Amino acid sequence: MSEPLVARMREFGTTVFAEMTALAVRTSSINLGQGFPDTDGPPAMLERAVAAIRDGLNQYPPGPGVPELRQAVAEHRKQHYGLDYDPDGEILVTVGATEALAASVLALCEPGDEVIVFEPYYDSYAAAISLAGAVRRPVTLRPVDGRFTFDPAELRAAVGPRTRAILVNSPHNPTGTVFTYDELAAIAAVVQEHDLVAVTDEVYEHLTYDGVEHIPLATLPGMRERTVMISSAGKTFSVTGWKTGWICAPRALVTAAQTVKQFLTFTSGAPWQLAVAHALREELPWVGGLRDELAGKRDRLMAGLTAAGFAVYRPAGTYFVQTDIRPLGFTDGLELARRLPELAGVVAIPTQVFYDRRELGRHFVRFAFCKKDEIIDEAVARLARLHG
């Protein structure tokens with residue numbers, strides 16, 4: 001029998017997250033690879049989900065999402081960003097941001113269309129583009145003055161006659177960059193000049209540090225009507241397993257995404273949706289406390305990584321610290337990640353797997369800091385062996 005998997009998906013086997021998590025389990029190593037917290041979200045939100053299950057809300061909710069959540073998302077967008085979205089037609093609830101991204105790309109792109117992505121990129125972006133039969137056009141983020149950014153000239157050069165969309169992730173995983181207004185303005189200018197659609201992944205919107213502000217691309221002049229704005233509850237409220245996300249966009253773009261989404265999952269769990277609606281309205285002070293805690297964990301891990309001999313980039317957002325392994329004498333992040341359990345009893349993610357041009361990220365390794373302090377401290381103690 002010939003290879004059953006279609007050719008366009010053959011480069012996407014087991015994800016690096018699955019590989020490294022399995023490696024952590026197999027070697028009893030500390031897992032600083034996959035970005036999920038090891039503590040729960042706000043108790044009142046959790047109780048809302050439990051109550052919804054016990055109240056019998058266990059059948060299909062409406063395909064666009066329960067009205068309570070769509071209204072709560074609309075209120076949140078208005079309150080925080082001054083953006084008006086009609087909950088009846090301009091907001092779609094999805095099975096996490098991953099489905100929102102996939103449905104959007106599948107809805108917007110014909111085979112052969114091109115999609116600009118900033119590399120390193122979250123791995124589902126590449127898979128969604130391939131599923132659509134579209135083509136990736138990477139623009140590389142490079143370190144400048146201690147943070148990752150892009151060259152506007154490279155962005156402009158990436159646009160071609162078949163370019164349809166651009167994927168924008170800010171706060172950015174895996175580099176920790178939060179795009180500035182000027183960077184977003186450069187993106188907006190290209191989008192408008194070439195009549196593109198921007199698909200924005202903003203799942204870390206509330207997890208920024210050092211007073212850095214997250215600015216949605218849709219708030220820039222002329223961009224609301226060209227932007228598919230995506231976020232989710234997983235990172236904001238520490239419930240990554242709930243897989244509850246949403247799209248905010250003009251009606252035509254939401255209709256396009258929903259046309260695809262209804263044949264992917266149709267809908268997502270009603271109890272989680274009701275609980276997240278509560279959280280968006282009532283639990284953002286809890287999120288402020290989480291942000292402060294994460295800033296401390298970030299600094300704790302950065303200090304340990306620096307002491308172990310890594311070159312460390314200070315993230316302005318997300319769960320992750322990006323490091324350069326060359327000061328330790330290593331040059332291949334994938335090789336080091338596979339050896340770290342043996343060398344130090346820790347698992348991390350090699351950043352090069354998030355690049356089209358892997359040589360550009362070969363020397364970077366990503367560590368997650370969304371873990372308990374004692375876990376971070378033990379990981380740091382183990383990583384000190386590298387310096388020794």
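Biologist: How much area is buried between domain 1 and domain 2?
Modeller: About 3,300 Å², and carbon and sulfur atoms give 59% of that. Buried area here is the accessible area (1.4 Å probe) that two parts lose on being put together, summed over both. Keep in mind that this is a predicted model, where local features need pLDDT of at least 70 and side-chain atom pairs count only at pLDDT 80 or more, while totals for chains, interfaces and linings use all residues. Residues are numbered from 1 along each chain as its sequence is written, and side-chain values use heavy atoms, with hydrogens and water left out.

Biologist: Which residues of domain 1 lose the most area to domain 2?
Modeller: Thr318, Phe354 and Asp356, which together make up 19% of what that side buries.

Biologist: And where are the domain bounds?
Modeller: Domain 1 is 7-41 + 285-387, and domain 2 is 59-281. Those bounds come from an automatic or database domain assignment. In terms of contact (heavy atoms within 4.5 Å), 37 residues of domain 1 meet 39 residues of domain 2.

Biologist: How many salt bridges cross that interface?
Modeller: Five by the rule, which asks for a side-chain nitrogen of Lys or Arg within 4 Å of a carboxyl oxygen of Asp or Glu. Asp210 and Arg314 form a salt bridge at 3.2 Å, N to O. Those two also belong to a salt-bridge network with Arg298 and Asp299.

Biologist: Switching topic: which residues touch the most other members of the largest nonpolar core?
Modeller: Ile247, Leu301, Phe367 and Leu383, out of 62 residues in that core. A nonpolar core means a set of buried Ala, Val, Leu, Ile, Met, Phe, Trp, Tyr and Cys residues joined through side-chain atoms within 4.5 Å. Buried is under 20% relative accessible area, exposed is over 50%, and partly exposed is in between (1.4 Å probe, protein chains only).

Biologist: Where does that core lie relative to the domains?
Modeller: Between domain 1 and domain 2, because both give residues to the core. Helix α10 (residues 284-308) gives the most, with seven residues. Helices (H or I, at least four residues) and strands (E, at least two) are DSSP runs, numbered from the N terminus.

Biologist: What does Leu301 touch?
Modeller: Leaving out residues up to four places away in sequence, Leu301 touches Leu32, Val321, Phe367, Ala368, Phe369, Ile376 and Val380.

Biologist: Back to charges. How many salt bridges does a search of the whole structure find?
Modeller: 27. One of them pairs Asp113 with Arg162 at 2.9 Å, N to O. Asp113 sits in the loop between α4 (96-108) and β3 (114-119), and Arg162 in the loop between α6 (152-158) and β7 (163-169), so the pair ties together parts 49 residues apart in sequence.

Biologist: Is Asp113 buried or exposed?
Modeller: Buried, at a relative accessible area of 10%. Arg162 counts as partly exposed at 39%.

Biologist: Which residue does Asp373 form a salt bridge with?
Modeller: Arg300, with the closest N and O atoms 3.5 Å apart. Asp373 lies in helix α12 (residues 373-387) and Arg300 in helix α10, so parts 73 residues apart in sequence are tied together.

Biologist: Last one: what about Ser231, buried or exposed?
Modeller: Buried, with a relative accessible area of 0%. Ser231 is in strand β9 (residues 227-232), and a polar atom of the Ser231 side chain lies 3.3 Å from the backbone oxygen of Glu202.

Terms used:
A polar contact is a pair of N or O atoms within 3.5 Å; within protein, one must be able to donate a hydrogen and the other to accept it, and residues adjacent in sequence count only if both atoms are side-chain atoms.
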